[in-house]
Amino acid sequence: MKKQICLVIGECHSDNIGDQAIASGAVSLLTEAGYDAKTLDLNGRKSLDTPNMTHQDESPFLLGWRNRLAKRMKRSPMGYSIAGLLVTILKGIRLARYYNLPIRSCDILIIGGGSLLINNNWNFPILLSFVTAIAKCYGKPILLLGVSAREIENLIARSLVRIIVRNSKLVMVRDIHSL
């Protein structure tokens, strides 16, 4: 009988020791329970030594264009928010290729570890929305385990997080403030 593959996605290769511990602990527990557990970093890092995947293999022209656009839009408060939104959508589109194969080949998708249900300049709501959409396309169950949430004032970001939570089969938060 084939082992079920569990994919743990989160900030598993960030420099946050707590996020690393939650990801490695989840993989250890799942492996002991008889699952084939793997990790996938939400921001595309392959290890602690590699930067975010979004800038690898990018032409100098595109990188320069994105930086110039962000600088121009950051001159106003509304422009800063729009620049963050556009940059993160571009990042999500680029990372969708990185997410696709691991999500398609897993049996269960676990989003876990860290303060992922927050609006950190659009990063987590948009990237997790891409992950959720890909998982839903392939009919994969989504579990939110050991996550933390905060109040999100932005209507769009709050709606994206609400969609992520509603599409999850199980939600387990890590602190009382997330309830």
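This report describes the fold, the nonpolar core, the salt bridges and a surface patch of a predicted model.

## Overall architecture

The chain holds five helices and five strands. Read from the N terminus, these elements follow the order β-α-β-α-α-β-α-β-α-β. Of the 179 residues, 41% count as buried.

Strand S1 (residues 5–10) pairs with strand S2 (residues 36–41) in the parallel sense, over six bridges. Between the two strands the chain passes through helix H1 (residues 17–32), and this β-α-β crossover is right-handed. Within the pairing, Leu7 has Lys38 of S2 as its bridge partner.

## Nonpolar core

The largest nonpolar core contains 32 residues, and Leu42, Tyr99, Leu109 and Ile111 touch the most other members. At least two residues each come from S1, helix H3 (77–105), strand S3 (108–117), helix H4 (123–137), strand S4 (142–149) and helix H5 (155–166). H4 gives the most to this core, with seven residues.

## Salt bridges

Three salt bridges are found in a search of the whole structure. In one of them, the side chains of Arg45 and Glu11 meet at 3.2 Å, N to O. Arg45 lies in the loop between S2 and helix H2 (60–73), and Glu11 in the loop between S1 and H1, so this pair ties together parts that are 34 residues apart in sequence. Both residues, Arg45 and Glu11, are buried.

Arg45 also meets the side chain of Asp41 in a salt bridge, again with an N to O distance of 3.2 Å. Asp41 counts as buried because its relative accessibility is 0%. Arg45 is likewise buried, with a relative accessible area of 13%. A further salt bridge joins Asp175 and Arg150, whose closest N and O atoms are 3.6 Å apart. Asp175 lies in the segment after S5 and Arg150 in the loop between S4 and H5, so the pair links parts that are 25 residues apart in sequence. At 42% relative accessibility, Arg150 counts as partly exposed. Through shared partners, salt bridges join Glu11, Asp41 and Arg45 into one network.

## Surface patch

Val171, Val173, Ile176 and Leu179 make a nonpolar surface patch of about 400 Å². Of these residues, Ile176 lies in the segment after strand S5 (170–173). Ile176 counts as exposed because its relative accessibility is 64%, and exposed here means over 50%.

Methods. Residues are numbered from 1 along each chain as its sequence is written. This is a predicted model: local features need pLDDT of at least 70, side-chain atom pairs count only at pLDDT 80 or more; totals for chains, interfaces and linings use all residues. Side-chain values use heavy atoms; hydrogens and water are left out. Patches are made of residues with over 30% relative accessible area and no salt bridge: like charges are joined within 9 Å, nonpolar side chains (Val, Leu, Ile, Met, Phe, Trp, Tyr) within 5 Å. Accessible areas come from the Shrake-Rupley method with a 1.4 Å probe; for residues, only the protein chains shown count as cover. A salt bridge is a side-chain nitrogen of Lys or Arg within 4 Å of a carboxyl oxygen of Asp or Glu. Helices (H or I, at least four residues) and strands (E, at least two) are DSSP runs, numbered from the N terminus. Buried means under 20% relative accessible area, exposed over 50%, partly exposed in between (1.4 Å probe, protein chains only). Two strands pair if DSSP finds at least two bridges between them. A crossover is right-handed if, with the strands pointing away from the viewer, the path from the first strand over the helix to the second runs clockwise. A nonpolar core is a set of buried Ala, Val, Leu, Ile, Met, Phe, Trp, Tyr and Cys residues joined through side-chain atoms within 4.5 Å.
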